[in-house]
Amino acid sequence: NKLAEHMSDEKIKEVFLGITALKHYDADKVEQLEEDCKKERTLTLRYKKAPYEPESVKDIIAYKIVYKSDKLYLCGYDLNKKSNVVLNVSRIKNIISRDIVKKEIKYNMVKVKFEICDLDGDYISEEEKIIKEKENCYLIEGSYFSEFFAVQRMLSFGSKCKVIEPENIRNEIISKLKEMRKVYG
């Protein structure tokens with residue numbers, strides 16, 4: 001706290017004060033979800049997808065908690081849909097039950113090949129590997145937990161990135177860019 005008094009940069013000041021981007025989350029809930037992920041527990045929870053939609057009950061095998069785009073997400077496997085799912089932690093209303101019996105699941109990762117030119121200040125994450133390198137351009141393969149994360153990652157590179165495959169991710173990015181163009185003209 002004493003050091004924070006002398007900081008002019010607000011972000012650094014917040015670090016010294018112990019204020020984080022997670023300050024709006026229920027710490028006990030996040031801690032318990034992290035424990036559920038470590039033990040890959042099956043959770044039955046109430047979830048509200050959007051403000052105008054009714055709550056739904058989901059059966060999820062908890063896999064990991066990630067922090068991306070200033071939000072906290074629970075990644076898991078939806079037992080009803082039989083697929084990976086990404087849930088915004090702030091929209092989990094409550095956990096109805098926890099099953100401690102571990103179920104064997106094969107997570108279906110989304111593979112994306114893309115080219116980045118002029119990597120400069122950007123970085124390659126642990127989900128990605130460089131396949132080929134040529135004059136200031138890299139062919140990279142990424143393995144992402146969901147299409148949502150894959151698309152967000154590709155968009156984060158801006159115009160430096162060109163998705164090679166799969167076609168559905170490429171089309172999703174084109175669609176998002178068209179939506180953005182409508183907004184910005």
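Rings of Phe, Tyr and Trp (its six-membered ring) count as a pair if their centres lie within 6.5 Å; planes under 30 degrees apart are stacked, over 60 edge-to-face, and the rest tilted. The legends below describe a predicted model, in which local features need pLDDT of at least 70, side-chain atom pairs count only at pLDDT 80 or more, and totals for chains, interfaces and linings use all residues. Residues are numbered from 1 along each chain as its sequence is written, and side-chain values use heavy atoms, with hydrogens and water left out.

**View 1. The aromatic pair Tyr63 and Tyr107.** A search of the whole structure finds eight aromatic pairs. In this one the ring centres of Tyr63 and Tyr107 are 4.4 Å apart and the planes stand at 40 degrees, so the pair is tilted. Tyr63 belongs to strand E2 (residues 56-68), and Tyr107 to the loop between strand E5 (92-99) and E6. The pair therefore ties together parts that are 44 residues apart in sequence. Strands (E, at least two residues) and helices (H or I, at least four) are DSSP runs, numbered from the N terminus.

**View 2. The open sheet E7-E8-E6-E9.** Four strands make up this sheet, with antiparallel pairing. Two strands pair if DSSP finds at least two bridges between them. E7 (128-134) and E9 (161-165) are the edge strands, each with a single partner, so one side of each has no neighbour in the sheet. From one strand to the next, the twist averages 25 degrees.

**View 3. Pairing within the sheet.** E7 and E8 pair antiparallel over six bridges. Lys134 stands opposite Cys137 in E8. Two residues separate the strands of this hairpin, and Asn136 takes a positive phi near 60 degrees. Four bridges join E6 (residues 110-117) to E9. Phe114 has Val163 in E9 as its bridge partner.

**View 4. Helices H3 and H4 on the sheet.** H3 (residues 147-156) lies across E6, E7, E8 (137-144) and E9, at about 0 degrees to E6. H4 (residues 167-184) packs on the sheet, touching E6 and E9, and makes about 145 degrees with the direction of E9. Contact means heavy atoms within 4.5 Å. Axes are lines fitted to C-alpha atoms, for helices over the stretch in contact; angles run from 0 to 180 degrees between N-to-C directions.

**View 5. Where H3 meets H4.** The two axes come within 10 Å and cross at roughly 60 degrees. H3 and H4 are therefore oblique to each other (under 35 degrees is roughly parallel, over 145 roughly antiparallel, 65 to 115 roughly perpendicular, the rest oblique). Residues of H3 in the contact include Val151 and Met154; those of H4 include Ile173 and Lys176.
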